[in-house]
Amino acid sequence: KIALLGPCYPFRGGIAHYTASLYRALTDEGHAVKVYNFSRQYPSIFFPGKSQLDYSADGFKVPSQEILDSINPLSWLKTSRAIARFEPEMTVVTWWHPYFGLPFGLISRHVRRKTGKPVVFLCHNVLPHEPTGFDHVLSRFAFRGASGFIVQAIKELSTLRDMIGFNVPAEVAPHPVYDLFNLDGRLAERETSRREIGVSSKRVLLFFGYIRPYKGLEVLLRAMPLVKDKEIDLVIAGECYEDPERYLHLMAELGIEERVHFENRYIPNEEVARYFAAADLVTLPYLSATQSGVVQVANALGVPVLVSDVGGIPEVVEDGKTGIVVPADDPLAVARGIDRFFHEEMESSLKEGMKLKQDHFKWTNLVDTLINLNQSLLSTQQK
C-alpha cells in the first residue's frame, strides 16, 4: 500500500500530470495507491497565473482525496491522520517548492511516527528556479521529515547532498516521458496541425509551457533575427506568468512580429499534441533548470528538442544524438543550433536516437526505484 501526497486533477500543470502518471504506473504494477490531493494549493494572491484549475475537456483524472489546504494547519493534521489510517507501507511526498515546507515537513513527521514506515520525498526541484531568502530554511525543515529521497538528475543529487549531507539515502531516477497527451494513439499530421494553430511556414519552432524569466524566451526571441533561414516561424504556446508586454515590445524592436505566433494561454490537454505535431523543433533555451517536463512531452511525441546546458537537462538530451545542446543565455548559440538542425537535416536521425532512449525514461523505472528504495529503508529500520 502506497500513499501519494501531491497535486493532481482538478489542478493543472506538469506536476499534476506527473502525479496522475505515477498513480497509473503504480497501480498498473499491482500496488494499492491512495492519492492525497490539495483542496487549496496556493492562495490566489500567491499564484501568478489566471487559474490553478484544469479546464481541459480531457482531464487526467485519478481517484484522490482533496484534503490538504496549504495555509490551514488543521488540514495538515487531518491529512496526516488520513494517511496514517490508511497504514501505507510507503508514503511518497511530491516536492517542488519550499512554500510547502511547513505542511509537508509536519505531515511527514507525523506519518513516520504513526506508521513506522518510510516517507520518501520525490523531488522535482530540490530548490526553486526563482529563489527567495527562505528557501533553505523551509526546505531543510521539510527534508528532516523524510526517510529517503528520489531526485531526477545527478546534478540535483549534488544540490540535495549539500543541504542534507550523506546520511539519508537518496536515489536518482530520470524524469519519465509524459505519454498522456497522444490521446488518439497517433501524432496528428503536421500540415493539418499547422493549419489548426494558424501557421503556414514550411519550418516551425515551438516554445511550449508556462512563461517565466528562467525559461529563456527572451534569449530565443533575440536569436530569431540571427537565424540564417528567414522562413522559419516561432510558435509560443503557454500562459505568461509575467507581463507579456516585455516580449511583445521585444518582438517589435527586433522586427520579428510577423514570424512569431504568440498563444498566451494555458494549452488544454487535448490541444497539446497538435502544437508538437506542428513543430519541426522544440526550443528550450532555459537560463536555469533542474530537468524539464516539456522535454519529456517532446520525447513521448517524437519531436526533436534544442536545449541549453543547464541543470540536469544535458543528462537527458545528448547533443547530436537525441537533440541539440547549446550554451545558456547565448542568442547566437541558439541561432547556430537552429541553423545546424535544418542545414544538416537532423530531424530523422534525432528522432531515431530518441526512440533508442525510450526505455530509459519508462515509468516502470521510476516505480522500481521507489520500491527498491522503500525495501532498503525498511530493511535498515529492522536492523
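**Entry 1: two aromatic residues.** I started with Trp-96 and Phe-100, and both are buried. A reminder to myself: I'm working with a predicted model.

**Entry 2: aromatic pairs.** How many aromatic pairs does a search of the whole structure find? I got 25. I picked out Phe-60 and Phe-181, whose rings pair edge-to-face, with 5.4 Å centre to centre and 70° between the planes. This pair links distant parts of the chain, its members being 121 residues apart. Phe-60 sits in the loop between β2 (33-40) and β3 (65-69), while Phe-181 is in the loop between β7 (170-172) and α6 (190-197).

**Entry 3: arginines over rings.** I noted two cases. Arg-12 lies over the face of Tyr-266, 4.3 Å from the ring centre. Arg-109 does likewise with Phe-141, at 4.2 Å from the ring centre.

**Entry 4: helix α4.** Which residues of α4 (residues 135-143) are buried? I listed Asp-135, Ser-139, Ala-142 and Phe-143. They span an arc of only 95° around the axis, so they lie on the same side of α4. Next I looked up what these buried residues pack against, and found β4 (90-95), α3 (101-115), β5 (119-123), β6 (148-151) and α5 (154-164).

**Entry 5: α1 against α14.** Two packed helices are described by the angle between their axes and the distance between the axes. For α1 (residues 14-28) and α14 (residues 363-382) I have an angle of about 75° and axes 10 Å apart. That makes α1 roughly perpendicular to α14. I wrote down who meets whom: from α1 come Tyr-18, Ser-21, Leu-22, Ala-25 and Leu-26, and from α14 come Trp-363, Leu-366, Val-367 and Leu-370.

**Entry 6: Ala-16.** I stayed with α1 for one more residue, Ala-16. Is Ala-16 buried or exposed? Its relative accessibility is 3%, so I put Ala-16 down as buried. Leaving aside neighbours within four places in sequence, I found Ala-16 in contact with Pro-7, Cys-8, Tyr-9 and Phe-11. I also looked at Gly-6: Ala-16 is ten residues from Gly-6 in sequence, and 7.6 Å away in space, C-alpha to C-alpha.

Key
Residues numbered from 1 in each chain as written. Predicted model: local features only at pLDDT ≥ 70, side-chain atom pairs only at ≥ 80, totals over all residues. Heavy atoms only, no water. Buried < 20%, exposed > 50% of the residue type's maximum accessible area, 1.4 Å probe, protein only. Helix = DSSP H or I, 4+ residues; strand = E, 2+ residues; numbered from the N terminus. Arc of directions from axis to C-beta. Contact = heavy atoms within 4.5 Å. Phe/Tyr/Trp six-rings, centres within 6.5 Å; stacked < 30°, edge-to-face > 60°. Lys NZ or Arg CZ within 6 Å of the ring centre and 35° of its normal. Axes fitted to C-alpha atoms, helices over the stretch in contact; angles between N-to-C directions. Parallel < 35°, antiparallel > 145°, perpendicular 65-115°, else oblique.
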